[in-house]
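Trainee: I have just opened this structure and would like a friendly tour. Could we go through it step by step?

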Amino acid sequence: MTTTIAHDQIRDTLTKNDVVLYMKGTKAMPQCGFSSRVAGVLNFMGVDYADVNVLADEGIRQAIKDFSDWPTIPQLYVKGEFVGGCDIVTEMTLSGELDQLFDAKGIGYNKDAAEQIRAANA
Amino acid sequence: MPITAEEIEILIRESFPGARVEVQGDDGAHFAAFVEDESFRGMNRVQQQRAVYAALKGKMDGAQGELHALALTTKAPE
């Protein structure tokens with residue numbers, strides 16, 4: 001796959017899905033602790049998101065890093081915008097900034113579940 | 001080739017000479033780094049972490065990247 005085609009494919013995925021997680025493995029079966037942590041947060045918060053398994057597509061695996069200028073997986077996107085990797089998403093979850101982002105972008109999630117995560121990590 | 005926490009710290013310090021840097025991890029692949037630098041002021045977290053990744057000069061990249069896992073915490077001084 002050429003870089004251009006891979007980038008078109010990424011843009012297409014980001015256009016069609018409000019929340020996208022590029023990860024190692026799938027949301028049902030993550031294959032890396034960092035991917036697992038972010039998928040776990042989104043699953044627990046009941047967010048409707050598309051998961052893209054980069055281990056299943058070497059072209060996308062490299063292209064997504066160039067696309068976001070970010071060298072690691074996972075990568076979370078909301079409404080086409082790169083939000084961050086595992087550490088940033090974790091910090092944002094615990095600070096409540098992820099809730100604010102979802103609120104601002106009109107993304108549905110379970111507020112109680114988010115509070116539960118924060119209470120458990122307080 | 002495995003990398004050490006010390007080498008990571010040296011790479012980060014080259015780019016952020018005045019920063020407070022702490023790197024932990026001794027298994028050659030999984031590390032945690034904390035970087036606090038004045039240059040981060042006004043940057044969001046993505047921009048801050050991009051800057052640290054840039055300092056690591058591609059060591060995060062690819063399946064053969066020496067650094068499989070780097071938990072990163074960045075901030076500007078309070």
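Mentor: Gladly! Let's begin with a term: a nonpolar core is a set of buried Ala, Val, Leu, Ile, Met, Phe, Trp, Tyr and Cys residues joined through C-beta atoms within 7 Å. Please keep in mind that this is a predicted model.

Trainee: How many residues does the largest nonpolar core have?

Mentor: Start with the residues that make the most contacts inside this core, which are A:Val20, A:Leu21, A:Tyr22, A:Val38, A:Leu42 and A:Val89. At least two core residues come from each of helix H1 (3-16), strand S1 (19-23), helix H2 (33-44), helix H3 (58-68), strand S3 (75-78) and helix H4 (86-95) of chain A. The size of this largest core is 33 residues.

Trainee: Which residues does A:Leu42 touch, leaving aside those up to four places away in sequence?

Mentor: A:Leu42 is among the residues with the most contacts inside the largest core. Once residues up to four places away in sequence are set aside, its partners are A:Leu21, A:Val47 and A:Tyr49.

Trainee: Which strands stand at the edges of the sheet in chain A?

Mentor: The sheet is open and has four strands, in the order S2-S1-S3-S4 (chain A), with mixed pairing. An edge strand here has a single partner, so one side of it is left without a neighbour in the sheet.

Trainee: Is A:Asp57 buried, partly exposed or exposed?

Mentor: First, its place: A:Asp57 sits in the loop between strand S2 (50-53) and H3 of chain A. A residue is buried with 20 or more other C-beta atoms within 10 Å, and exposed with 12 or fewer. A:Asp57 has 15 within that distance, so A:Asp57 is partly exposed.

Trainee: Which element gives the largest share of the side of chain A that touches chain B?

Mentor: Ten residues of chain A are in contact with eleven residues of chain B. Strand S4 (81-84) and H4 of chain A each supply at least two residues of chain A's side. The largest share, three residues, comes from H4(A).

Trainee: What ipTM does the model score?

Mentor: For chain B, the mean pLDDT is 88, and 91% of its residues reach 70 or more. The model as a whole has a pTM of 0.90, and its ipTM is 0.81.

Technical notes:
Residues numbered from 1 in each chain as written. Chains lettered and ligands numbered in written order. Predicted model: local features only at pLDDT ≥ 70, side-chain atom pairs only at ≥ 80, totals over all residues. Contact = placed C-beta atoms within 7 Å. pLDDT = per-residue confidence, 0-100. Pairing = 2+ DSSP bridges.
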